[in-house]
Every structure is written in structure tokens, then in C-alpha cells.
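Trainee: Could we go through how a pair of helices packs in this one, and then look at a couple of single residues?
Mentor: Gladly, let us bring it up and begin with the helices.
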Amino acid sequence: MIPLFLDLSESRVLVFGAGEVGVRKARHFTSAARMTIVAEDISPEIFSFSNVSIKQMAISDMETEDLEKLIDRHDIVIAALSDEKENERLCRLAKSAGKLYNNATGDGNIRIPSVVSGAEYQIAVTTEKSAPVVPAFIRSYLEKQLPWLDNMILLQNTLREELKTIVPDQARRAEILRAVINDAGIQNACASGVPPTEICKKYL
């Protein structure tokens, strides 16, 4: 599998299950796509999600034909029940319908990564289920080690545009940008929240 960032604003996501795992997986999509959540027991957090349609019912009681119709109306299917056999049944139906699907207790054709994000960036992390605590460790490590990253991205964007007007050579512009991101003084200024335009005036 490879990481891929998608625009899901016109897509529909179907989540089966609203326990701890279902909520975590649904939370990943809540601001990115329209979503339907089907579960017998609904966690209160689900009601705070936007763009969500909630169907409170037992999946085990649903006929296959009804599940096929429901799956057919969605683009991505998440099977997040505690019942492995039910998850497998849902994923078989999703696979037959040609959908993207994720199985919380088995194999799917998509994986939902841990996400490290700031105002200006997102980083997806996965270990292919072999070491689930590692993404959380990487996320914590990055947040502690790169507190300046958001402001540095803004600075890089501002500086990149300015350099285009005064440094015609692309290789030289790249060299300057690399020097800036590795400069400890500029990193500290970014971490302190100094605006990119002020950093440009002071250091460059």
C-alpha cells in the first residue's frame, strides 16, 4: 500500500460500528466527507460529528440485499464491528461492489493512518498493523521536535515567492531555502511565532 491524499468532499463514507474503534475511524473522515454510521449502540461522540447520518440498528439483523443497497450508495466502507465474521461479510460485499473498504479486524484494500497535522501540514503514518504504538510515538516525537514547522512552511512560501523575483537560478533558490530550514536561529524565531515577513527582514 502507498500513502495518498484524496479530496473526499463529494464522496460518501459508510461506517459500520460506533464503539471505540468505529468512533476513531469515523473521526478521521468527519470533516472530509459525508458519512453514514450504522450501529446498534451509538457512542455519544458520534452525535457531535458534522455531515453524518446515523442509523441505529443491528447489522446482524440486516438482510444481505439491504446491506448491498446501502453499500452501493457509498464510496468507502469501514467495517469496525467487534465481530470479525460480520466485518468479513461486510468487506466481501464491499469488495464485490467495487468499493474501497477497511476492515478493523482483518484485511481491507485501504488503511486509515495515524495523522500528524498542524495548520499548514499533514503527515500520515502507518506500520501496516505490525506495531500500532509506533505511529503515536512518531506523532508525539514530531510535535515535540518540530514546534516551528507551521511557521516555517509559511516562511518558506513567502521567501520562495520573493526569491523568484531576485534570484533567477532555481538551484540557487533551492540552496537558500534549504539553508533557511536548517538554521537554528530561524527555527527558534518560527517557534516563537514571529511572522514570516518579519523573519525575512531580520535574518535575510
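Mentor: Before the helix pair, a word on terms: axes are lines fitted to C-alpha atoms, for helices over the stretch in contact, and angles run from 0 to 180 degrees between N-to-C directions. Please keep in mind that this is a predicted model.
Trainee: OK, so at what angle do the axes of α5 and α6 cross?
Mentor: The axes of α5, residues 149-166, and α6, residues 170-181, cross at roughly 155° and come within 11 Å. Because angles over 145 degrees count as roughly antiparallel, α5 is roughly antiparallel to α6.
Trainee: And is the crossing left-handed or right-handed?
Mentor: The crossing of α5 with α6 is right-handed. On the α5 side the contact is made by Met 152, Leu 155, Gln 156, Leu 159, Arg 160, Leu 163 and Lys 164, while α6 contributes Arg 173, Ile 176, Leu 177, Val 180 and Ile 181.
Trainee: How do those contact residues divide into nonpolar, polar and charged?
Mentor: Between α5 and α6 the contact holds 8 nonpolar residues, 1 polar and 3 charged.
Trainee: Why does Arg 173 count as buried?
Mentor: Arg 173 has a relative accessible area of 17%, and buried means under 20%, so Arg 173 is buried. Setting aside residues up to four places away in sequence, Arg 173 touches Leu 163, Lys 164, Val 167 and Pro 168.
Trainee: Switching topic, where is Thr 30?
Mentor: Thr 30 sits in the loop between α1 (20-29) and β2 (34-39), and with 13% relative accessibility Thr 30 is counted as buried too. Apart from neighbours within four places in sequence, Thr 30 contacts Met 35, Phe 49 and Ser 50.

How values were computed:
Residues numbered from 1 in each chain as written. Predicted model: local features only at pLDDT ≥ 70, side-chain atom pairs only at ≥ 80, totals over all residues. Heavy atoms only, no water. Helix = DSSP H or I, 4+ residues; strand = E, 2+ residues; numbered from the N terminus. Parallel < 35°, antiparallel > 145°, perpendicular 65-115°, else oblique. Left-handed = near helix turned anticlockwise from the far one by under 90°. Contact = heavy atoms within 4.5 Å. Nonpolar A, V, L, I, M, F, W, Y, C, P; charged D, E, K, R; others polar. Buried < 20%, exposed > 50% of the residue type's maximum accessible area, 1.4 Å probe, protein only.
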